[in-house]
Amino acid sequence: MIKIVRKEDCTGCNACVQICPKQCISMHTDELGFNYPRVDVSLCVDCGLCEKVCPVINQDEPQNPVGCWAAKNEDAEVRDNSSSGGVFGALAADVLKNRGVVFGAVFADDWSVEHAAVEREEQLGKVQRSKYVQSRIGETYKEAAAALKQGRRVLFCGTSCQIAGLRKFLRRDYDDLLTLEVVCHGVPAPGVWQAYLQRIADDANPVEAVNFRDKRISWKSFGLSIKRRNGDISFATHTRNPYMLGFLKDIYLRPSCFECPSKGGRSGADITLADFWGIDKAFPQYYEQGCYSLVLAYSDKGREALKNLPGIVAHEVPYRDALQCNRRIEECVSCPREAAEFPALFEAHGFEAVEMMLRKMRGSIFKRIKRRLRRILRKRR
């Protein structure tokens, strides 16, 4: 029977809920909107399946990739509509052309984020671009399994823990399954995102589109843009928008993100996509040619899927050099002390708690700088 004692021990992948033959496990949200399983013990028969599919209980060993590339889509319009280099769009389009199914994160009607399947190329835009909110997996593991049993190709895209959950749920490999993980900083709280939307709500002019990776300035200075029904668009870079700042300061990440069980190739994904943040210094010859993604293959299947992919330019690079450009491939972010204080503050003040915490953290930084300057001045005297 699955039993969560520490929040750090649950990624919210939903594998235990989907595998339960008695349907006695359900997800319940905490004060930040994160889902955690709860068992109806009166229905549980102690079959143990929920524990067998848990990616935290059953962690795999880390592994190095079998290939590493700087890659980008030749189509500038595709790159502009992608988070980085547009590689995912090419992979997904290739699967859909052959009656395949692509699973990924999409916006729901209330702008929360959930996993869903798309089966036509014109739907591809729904699953493209990063969405900085933890998505609800729902029953997409079951749906992917059903498609595979029908002999259809499946591309399943998600965070490392979501891919690990899928592979544990399936309990076997499928030739027609291609798994793709996106390297994440950590997943921010759905409840905080909803509180932000309420803060900016305008019933007369509702939200019509959200883009967490608006690259109008540059791909490195991306921002959050929100389009209204009347065509108005608000935009703020990731360093100025309070929701994005709180996320990047790690204030309201899921607790398991600080102890991620699936990084460093442990998810079992065939392909890993990451932002190539330091490409300008590590590989300036490619940086000058436009936005590239960092692409890793962890299986022969993944390498073959990337080989000769239409419309993709790829340059093989040394893994250890590329890793310096995005340490999140192997390393978790550190948990700030403010993360422990935030849930109670959020319950009391809603989204204002984010701004309160950011002010507090800025004040702490200034105090540290002042102390450091005083020490330097004393030494000089």
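Of the 39 residues in the largest nonpolar core, those that touch the most other members are Val 192, Trp 193, Phe 212, Tyr 243, Tyr 252 and Phe 342. A nonpolar core here is a set of buried Ala, Val, Leu, Ile, Met, Phe, Trp, Tyr and Cys residues joined through side-chain atoms within 4.5 Å, and buried means under 20% relative accessible area, with a 1.4 Å probe and protein chains only. Two or more residues each come to this core from helix H7 (190-199), strand S8 (207-214), strand S9 (223-228), helix H8 (242-248), helix H13 (338-349) and helix H14 (352-380). Apart from it lies another core, of 27 residues, including Ala 71, Ala 92, Ala 116 and Cys 157.

The model is predicted, so local features need pLDDT of at least 70 and side-chain atom pairs count only at pLDDT 80 or more, while totals for chains, interfaces and linings use all residues. Residues are numbered from 1 along each chain as its sequence is written, and side-chain values use heavy atoms, with hydrogens and water left out.

The protein has 14 helices and 13 strands, which are DSSP runs numbered from the N terminus (helices: H or I, at least four residues; strands: E, at least two). Its radius of gyration, taken over C-alpha atoms, is 21 Å, close to the 21 Å that the globule rule gives for 381 residues, so the protein is as compact as a globular protein of that length. The rule is 2.2 Å times the number of residues to the power 0.38. Buried residues make up 53% of the 381 residues.

Helix H7 shows this burial well. Seven of the ten residues in H7 are buried, namely Pro 190, Gly 191, Val 192, Trp 193, Ala 195, Tyr 196 and Leu 197. Trp 193 is also one of the contacts of Phe 212, among them Phe 107, Tyr 132, Leu 224 and Tyr 243, once neighbours within four places in sequence are left aside. Contact means heavy atoms within 4.5 Å.

Ser 84 is buried, with a relative accessible area of 8%. Not counting residues up to four places away in sequence, Ser 84 touches Arg 79, Arg 213, Lys 215, Asp 275, Cys 291, Tyr 292 and Ser 293. Ser 84 and Thr 11 are 73 residues apart in sequence and 25 Å apart in space, C-alpha to C-alpha.

Note on methods. Buried < 20%, exposed > 50% of the residue type's maximum accessible area, 1.4 Å probe, protein only.
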